[in-house]
Structure formats: structure tokens, C-alpha cells
Amino acid sequence: MAPTSAMAGPAVVPAHSSSRLSCQLPSRSALPRLSSAPRSRRHEHSGVVAAHAAKPHGTAAAVGVFVDEKHALGDDVTVDYMMEASPSIITTADEFDESKLVLPEFEDIVSAYLRIKNAIPRTPCWHSEALSKMTGMTIFLKGEHNQATGSFKERGARNAMLLLSKEKKECGVVAASAGNHGLALSYHGRALNIPVTVVMPETAPLTKISRCEALGANVVLSGRNFTEAFAKACELRDAQSLTYINGYDDPPILAGAGTVGMEILEQVDELDAVVIPVGGGGLIAGMALAIKSVKPEIQVIGVEPSRVASFSAALHNGAPICIDPRGSTFADGLAVLKVGPHAFALARKYVDKVITIPEKDIGLGVLRLIEEEKVVTEGGGATAVGAVVTGHLPELRGKRVAIVLSGGNIDITTLGRVIERGLAADRRLVHFSVVISDKPGGLAALMGAVADERASVKDIVHERAWLDDDVQTTEVQIVAETMGQEHVKRLHARLSAEMDKLESLILRWGSRELN
């Protein structure tokens with residue numbers, strides 16, 4: 001299955017691909033060690049309908065009556081199936097044996113839903129008139145950025161910590177994280193009186209370090225990247241008998257994430273599709289299981305940054321595989337180089353499609369939310385919005401679509417850069433370079449033409465030393481604010497028409513899409 005060319009639009013990898021059906025099953029040694037054997041209630045599903053039918057009687061008859069609370073696992077019941085090993089070393093389909101994994105089931109999500117509901121607020125899922133008009137869809141936005149620590153991660157973190165045995169709660173937990181997972185563990189660790197150690201790379205943002213420390217976590221800085229931080233976390237786990245909680249792959253984490261899907265089903269009637277940002281795969285895996293178990297006709301679509309498309313790579317490979325990132329991404333919360341084996345095994349059963357989008361579209365997603373919804377999210381939180389508003393999912397026109405805003409933790413300095421990139425992608429910032437006369441009146445004539453077209457100069461730089469032209473000329477580099485693509489075309493046409501009169505020459509025009 002060859003990836004789609006970037007020139008032809010977003011890369012699309014259907015989750016229901018034939019490559020995953022031909023996976024050979026290998027030995028258990030290639031997989032992470034689990035602390036308990038697979039539960040006896042585990043079923044082998046062969047599709048969404050079968051998965052729904054296989055649930056025990058009374059688990060879910062309809063949305064809103066998922067299960068009687070007395071049948072749910074209480075806070076005092078522990079299910080010790082947390083991953084205790086380092087991330088899987090699986091690299092090929094031949095090494096991926098799904099039968100050896102303990103995957104969460106729908107009843108696990110129901111139990112998580114009831115277990116955490118008194119501490120995790122139900123986030124709003126509101127209708128966006130502006131985005132609906134812009135896209136031709138009926139858009140609903142699920143605001144997970146409204147959680148106390150700013151992301152959906154709290155759901156899985158609290159669920160996983162409540163499922164620990166009394167002894168493990170007393171010993172404490174550890175995780176490698178430079179962001180939302182560490183904050184969620186810190187917040188709920190304090191609430192549950194469970195010691196939390198968060199290992200962060202030495203390059204972690206100071207705000208994230210200080211916030212975790214303020215929540216009572218023991219923050220350890222180690223390594224230049226997440227991989228090195230993870231190695232340190234494993235060292236501390238072994239030395240101090242801590243429990244490592246994987247932020248996107250432990251079964252209780254997936255079950256907690258699935259509660260987002262349950263809430264959406266209760267909040268939005270007659271839904272056609274849900275669009276979800278994808279990083280390590282935990283959110284989309286849990287949500288897909290929840291949604292497809294109740295309403296298998298709803299499409300579940302994933303969106304990930306093209307620079308860090310680890311889930312698409314895993315689908316193409318037939319198993320999780322570590323990718324080489326194509327540079328940094330605005331969606332730093334989604335920058336996972338290898339999806340989790342549990343998340344992958346679950347998601348590929350139920351997810352209908354996964355697409356990738358470029359950085360400029362992520363920036364546009366952030367910009368549209370700020371302007372139209374007065375909502376500030378991180379890049380990862382706006383990735384699904386970016387895919388919808390930039391036309392990557394035209395098949396959803398006329399449909400009722402829910403989009404998950406997964407997080408809102410963005411540094412102010414990063415926010416400024418993302419907004420500017422979004423404005424540039426929207427052609428509301430344009431950069432061009434013009435050679436003009438360096439005599440009195442030369443610049444005034446150029447600025448007069450720009451002003452006549454009602455463009456606003458935001459920045460201007462003169463360059464005299466590096467020109468090969470007449471010494472009586474200067475290069476002027478201008479960044480101007482415009483009203484969009486059509487306005488840019490008019491400005492370019494006006495300046496091009498007046499170059500002779502202004503004794504000028506356009507060297508470069510930063511806005512490339514003029515025709």
C-alpha cells in the first residue's frame with residue numbers, strides 16, 4: 001500500500017486494509033511482559049457488530065443507560081494488567097501477535113466511565129455555527145481542553161491509578177512525559193494521595209516542569225529526548241518498585257480515553273462521523289471501541305501530522321514501527337514516534353480511516369478556533385479541526401460531525417508563532433521583496449500603492465549592501481497584512497502594473513499560490 005503523494009492531497013491510510021489481515025503470528029517473546037494472564041472474558045471479535053454482540057448481558061442496551069452502577073467495578077476493585085515492560089520492540093507484522101495482548105473491551109470503558117465520573121467533569125460538546133457554515137457540515141466540538149490540566153489525559157490517568165492495588169498505590173507511579181500525561185498524573189496523584197514521579201527531557205518547557213512540581217510531583221530531568229527520559233523512568237521504576245503508566249498504551253488508559261466517546265454519543269444525536277487527533281493512538285483506540293460498540297455505523301476518522309505519522313506507518317507496516325520524524329511539529333502532543341501495540345491492535349479493528357495533514361493546516365486549525373470559537377488549543381488539539389476546515393474530508397459535507405479538541409496546553413510564545421503561520425497559510429500575511437529607487441519619494445510611491453489596495457504593512461526591512469543593481473536603488477522586504485487570497489492577488493496585480501512608473505522591480509513574492 002503506497003502512501004498518497006503530498007501533491008495529491010492528504011495521505012490516507014484506510015484502517016481496514018488487507019495488509020493487517022495477512023499478519024503472521026510469532027512468539028510471545030517479542031511482546032511486552034504483562035503482569036497477569038489475559039482475562040477469561042476476552043473475546044475474539046471479527047468486526048464491530050460481533051464485538052457489540054459479544055458483550056455480557058446488560059452492559060449496554062442504549063446510549064444513556066450503559067450499565068447499572070451497582071454492576072460496575074468500584075474504586076476498591078483492582079484489575080492488575082498494567083504494562084510493566086518497556087515499549088514493544090515489535091517492528092514487523094511477523095512479530096506482532098495480537099492474541100498475546102490484553103485488550104480492553106467495551107465493559108472496561110463503561111466501568112471507567114462510572115469509576116471516574118465524580119472527579120472528571122463531563123466536557124461540553126457544542127454546535128459550531130461558524131465552522132458548520134465554513135465546511136458545509138454540521139460541526140460539534142468536544143472540548144477536552146476544558147479539563148483541569150487542559151487535556152483528555154486525565155481520564156486515563158485517574159482510571160489507571162484507581163485500578164492499582166493498595167501496595168502499588170503506596171509505592172507510587174512513574175512516567176516519562178514532557179506534557180499532558182505528566183500533568184494529569186500529577187494532578188490526580190495529589191488528589192488520590194499516590195506519589196508521582198515524572199521524568200522529563202532536559203529540554204522540557206519550564207512551564208510544564210513548574211506546573212508538575214506545583215502539583216506535588218517529583219520531577220526528574222534526564223536525557224535530551226523522550227527516549228532517554230523513558231530509559232531513566234524505567235531505571236527509577238526498577239530501583240524504587242514504582243509502577244510505570246504508559247500515557248497512550250496501557251489498557252486502563254485506553255478505557256479512560258474511551259469515555260470521551262461515550263459522552264459524545266450521549267451529547268449528539270444522529271451522528272455520522274467523529275474526527276479524532278492521533279498521536280500514540282490511545283485516544284482514537286478507546287473512542288473507536290466505545291463508539292463502534294454502540295453505533296457501528298458512525299465513521300471514526302483519525303488525523304495525524306504528516307511529519308510524525310506513526311499510526312499511518314504502523315497501518316502500512318502491519319505492526320507498530322518506529323519512524324524517523326520529518327522535523328518538528330506544531331502538534332507536539334502528537335509527536336509519538338511509535339504507536340503503542342495495544343492501541344494499534346484495538347484501533348485498526350474499529351477506525352475507518354486515518355489521514356495526515358501538513359503543518360500549515362494545523363496552524364489554520366488553531367487560528368480558526370481562536371477567531372470563530374474564541375477557543376485556544378494546542379496544535380495537537382486543533383489537528384482534527386485543521387483537517388476539516390482545509391477540505392481534507394470532503395466526503396463529510398452534509399454530515400453531522402463531532403471533532404475532538406484533545407488539549408489546550410500551548411506555550412504563549414508557541415501560540416504566537418502558530419498564529420502567524422496560520423495567517424500566512426490563510427494568505428492574510430504576505431511577504432514580498434521589491435527593488436525601488438533609493439532617492440527621496442521612492443519608498444513613498446511604493447507605500448502609496450500598497451495603501452491604495454488597503455493592505456497594511458506589518459514589517460519592512462531595507463537592504464542596500466547586497467544588491468547587484470544601481471547603487472541608487474535599495475531592496476525593500478515587506479510583510480503585509482491582507483484580507484485573504486483574493487486581496488493578495490489584487491495587491492500583486494497592482495504592484496506589477498506600476499513597477500515601471502515606480503522604477504521598481506519585484507524580486508520575490510512570498511505568497512506562492514496566486515493562480
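Predicted model: local features only at pLDDT ≥ 70, side-chain atom pairs only at ≥ 80, totals over all residues.

Visitor: Why is Arg 155 called buried?

Guide: The relative accessible area of Arg 155 is 1%. The cut-off for buried is under 20%, and therefore Arg 155 counts as buried.

Visitor: What makes Glu 263 and Arg 155 a salt bridge?

Guide: The term requires a side-chain nitrogen of Lys or Arg within 4 Å of a carboxyl oxygen of Asp or Glu. The closest N and O atoms of Glu 263 and Arg 155 are 3.0 Å apart, so the pair forms a salt bridge. Glu 263 belongs to helix α10 (residues 251-267) and Arg 155 to helix α5 (residues 153-162), so the bridge ties together parts that are 108 residues apart in sequence. Glu 263 has a relative accessibility of 4% and counts as buried.

Visitor: Which residues are linked with Arg 155 and Glu 263 in a network of salt bridges?

Guide: Lys 142 and Glu 144 are linked with Arg 155 and Glu 263 in that network. A search of the whole structure finds 21 salt bridges.

Visitor: How do you know that Glu 98 forms a salt bridge with Arg 348?

Guide: The closest N and O atoms of Glu 98 and Arg 348 are 3.4 Å apart, and the limit is 4 Å; the pair therefore meets the definition. Glu 98 lies in the loop between α2 (48-53) and α3 (106-116), while Arg 348 lies in helix α13 (residues 341-350), so that the pair links distant parts of the chain, 250 residues apart.

Visitor: Are Glu 98 and Arg 348 buried or exposed?

Guide: Glu 98 has a relative accessible area of 14% and is buried. Arg 348, at 5%, is buried too.

Visitor: Why is Glu 395 called partly exposed, and Lys 353 buried?

Guide: Glu 395 has a relative accessibility of 34%, which falls between the limits of 20% and 50%, so Glu 395 counts as partly exposed. Lys 353 has a relative accessibility of 17%, which is under 20%, so Lys 353 counts as buried. Glu 395 forms a salt bridge with Lys 353, their closest N and O atoms being 2.4 Å apart. This pair links distant parts of the chain, with Glu 395 in the loop between α15 (379-389) and β11 (400-405) and Lys 353 in strand β10 (residues 353-357), 42 residues apart.

Visitor: How many disulfides does a search of the whole structure find?

Guide: The search finds zero disulfides. A pair of cysteine sulfur atoms would have to lie within 2.5 Å to be counted. As for individual cysteines, Cys 171 is partly exposed at 33% relative accessibility, whereas Cys 212 is buried at 0%.

Visitor: What makes β12 and β14 a pair of strands?

Guide: Pairing requires at least two bridges between the strands. Strand β12 (residues 429-437) and strand β14 (residues 473-481) have nine bridges in the antiparallel sense, so they pair. Phe 432 stands opposite Ile 478 in β14. Strand β13 (residues 456-463) is joined to β14 by seven bridges, also antiparallel, and there the bridge partner of His 462 is Val 476. β12 and β15 pair in the antiparallel sense over four bridges; in β15, Trp 509 is the bridge partner of Phe 432.

Visitor: Why do β13 and β15 stand at the edges of the sheet?

Guide: The open sheet has four strands in the order β13-β14-β12-β15, with antiparallel pairing. β13 and β15 (505-509) each have a single partner strand, so one side of each is left without a neighbour in the sheet. The twist averages 25° from one strand to the next.

Visitor: Which helices pack on the sheet?

Guide: Helix α17 (residues 442-452) touches β12, β13 and β14, and its direction makes about 145° with that of β12. Helix α18 (residues 485-497) touches β12 and β15, with its direction at about 155° to that of β15.

Visitor: How many helices and strands does the protein have, and what share of its residues is buried?

Guide: The protein has 18 helices and 15 strands. Buried residues make up 56% of its 515 residues.

Note on methods:
Residues numbered from 1 in each chain as written. Heavy atoms only, no water. Helix = DSSP H or I, 4+ residues; strand = E, 2+ residues; numbered from the N terminus. Buried < 20%, exposed > 50% of the residue type's maximum accessible area, 1.4 Å probe, protein only. Axes fitted to C-alpha atoms, helices over the stretch in contact; angles between N-to-C directions. Contact = heavy atoms within 4.5 Å.
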